[in-house]
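Let's take a walk through this fold, one piece at a time. Keep the structure open beside you as we go.

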Amino acid sequence: MISKQNLDRASRELYRRTPDETFDSLSSLFQHCQMRKQESSDLWHPPNDFQPNVGLGSSLELGVGEGMEFRMNDWSFGQLCQLAKLNKETVNRLTPDTASRVFAETMPRSSKPLQLLTQGDQVRSIHGASYTRLYDVELLAMLKEFAVDFQPPQVGLNEATGLYAGEQDLFCFLIDPTGWVEIEGEAFAPGFFVFNSEVGKRSIGIQTFWFQAVCQNHIVWDAVEVVEYTRKHTSGVHDALREIRRLVEQLVEKRDSRRDSFARVIANAMQTKLGDDADEVLQHVLQHGVSRSVAKKALEIATQEGRLTIFALVDAITRVTGKFEYIGSRNDADQKAGSLLDLAVA
């Protein structure tokens, strides 16, 4: 019996993402991330050069060195608070003028440079020297080259696409809608999640799986062979691209191998007879748990069409069970019919 699990990672992303973080294709997401990288720069300055002060818009800004003023987003502001050992929620309740004076008293006096990721007039993140950045577009470039058959799932609730990039992180949910194969008598398709953060919000990683269904909430139902890999953004993080690529290629290779194997089974099933007469064929079908009434009706259909092959019987059984009122009974009967294909394994 296959061990299955339901994966809700993409569903959690669906409910937390805003429309401006949602993209309709891998190409549009790639272009967005490529432009963001082109507009971003790394600056190296010690905390001694930081001067949080009130800007022209009466909001708190970060002065760096001589003459450089940057706005902060929620993430970089939180990192600045951590650097000064201040509670972010407390600082948010202060006026910009008071907050700037509090920072002036609490900022560390160090000449060791920190790396600031900037985009235009905004600071996106503040990190120490040990942090190594891997840009989202680098991950997407690899996917465009090695996951060519994969695409987002059907659009879910809130017009969610499974492709997201915000100021803090990236998340992609991709499946191969034509990659269905049989695993222990049941149909599965391959898919994976990849994720990254250019600003230190989360590790880079991938989770691959084989699934049976995806609902509008983007919950992945009945997943098997779930494999996950993550790596922190430290020295050597770019090696993660090689490992993620290997896992994608492994998924593709297994899909192709299983699909080819299943195709051989079907071809053999279309040529192999279950017996020389109706009685012998009926006994084979009954031995696989198919009810006598269904087996007889299916045998009549196959006989009328002049075919008593394994494939013809399986096809006839599914046509008979397709008229069942209850889906549970239909699925049970179809699984028993599918077990007949084991007789066609070369």
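**A sheet and its helices**

Start with a pair of strands: β6 (residues 114-119) and β7 (residues 122-127) run antiparallel and are joined over five bridges. Strands here are DSSP runs of E, at least two residues long, helices are runs of H or I with at least four residues, and both are numbered from the N terminus; two strands pair if DSSP finds at least two bridges between them. This is a predicted model, so local features need pLDDT of at least 70 and side-chain atom pairs count only at pLDDT 80 or more, while totals for chains, interfaces and linings use all residues. Residues are numbered from 1 along each chain as its sequence is written, and side-chain values use heavy atoms, with hydrogens and water left out.

Within that pair, leucine 117 sits opposite serine 125 of β7, and glutamine 115 faces histidine 127 of β7. Two residues lie between the strands of this hairpin, where glycine 120 takes a positive phi near 65 degrees. On its other pairing, β6 is joined to β2 by six bridges, again antiparallel, and here aspartate 42 stands opposite leucine 117. β6 is mostly covered, with five of its six residues buried (under 20% relative accessible area, with exposed being over 50% and partly exposed in between, using a 1.4 Å probe and protein chains only).

Now zoom out to the sheet. It is open and has six strands in the order β2-β6-β7-β5-β4-β3, with mixed pairing. The edges belong to β2 (40-45) and β3 (50-54); each has a single partner strand, so one side of each has no neighbour in the sheet. On average, neighbouring strands are turned by 40 degrees against each other, direction ignored. For this and the other angles, axes are lines fitted to C-alpha atoms, for helices over the stretch in contact, and angles run from 0 to 180 degrees between N-to-C directions.

Over at the β3 end, β3 and β4 are antiparallel and joined by five bridges, with valine 54 partnered by leucine 60 in β4. Three bridges then link β4 to β5 (residues 68-72), also antiparallel, and leucine 62 stands opposite phenylalanine 70 in β5. The β4-β5 hairpin has three residues between its strands, and glycine 65 takes a positive phi near 65 degrees there.

So how enclosed is β4? Five of its five residues are buried, so β4 is largely enclosed by the rest of the structure. Both faces are covered: Leu60, Leu62 and Val64 are buried on one side, and Glu61 and Gly63 on the other. In a regular strand the side chains alternate between the two faces of the sheet. Helix α5 (residues 96-106) lies across β3 and β4 (60-64), at about 165 degrees to β3.

Among the residues making the contact are Leu29, Phe30 and Cys33 of α2 and Val137, Leu140 and Ala141 of α6.

The crossing of α9 and α10 is right-handed. Residues meeting there include Val294, Leu299 and Ile301 in α9 and Leu313, Ile317 and Val320 in α10.

On to α8 (residues 278-287): its axis comes within 10 Å of that of α9, and the two cross at roughly 140 degrees. The crossing of α8 and α9 is right-handed. Val281, Leu282 and Val285 are among the α8 residues here, meeting α9 residues that include Ala295 and Leu299.

To finish, the whole protein has eleven helices and 14 strands, and 45% of its 346 residues count as buried.

Note on methods: Contact means heavy atoms within 4.5 Å. A crossing is left-handed if the near helix is turned anticlockwise from the far one by less than a right angle, and right-handed if clockwise.
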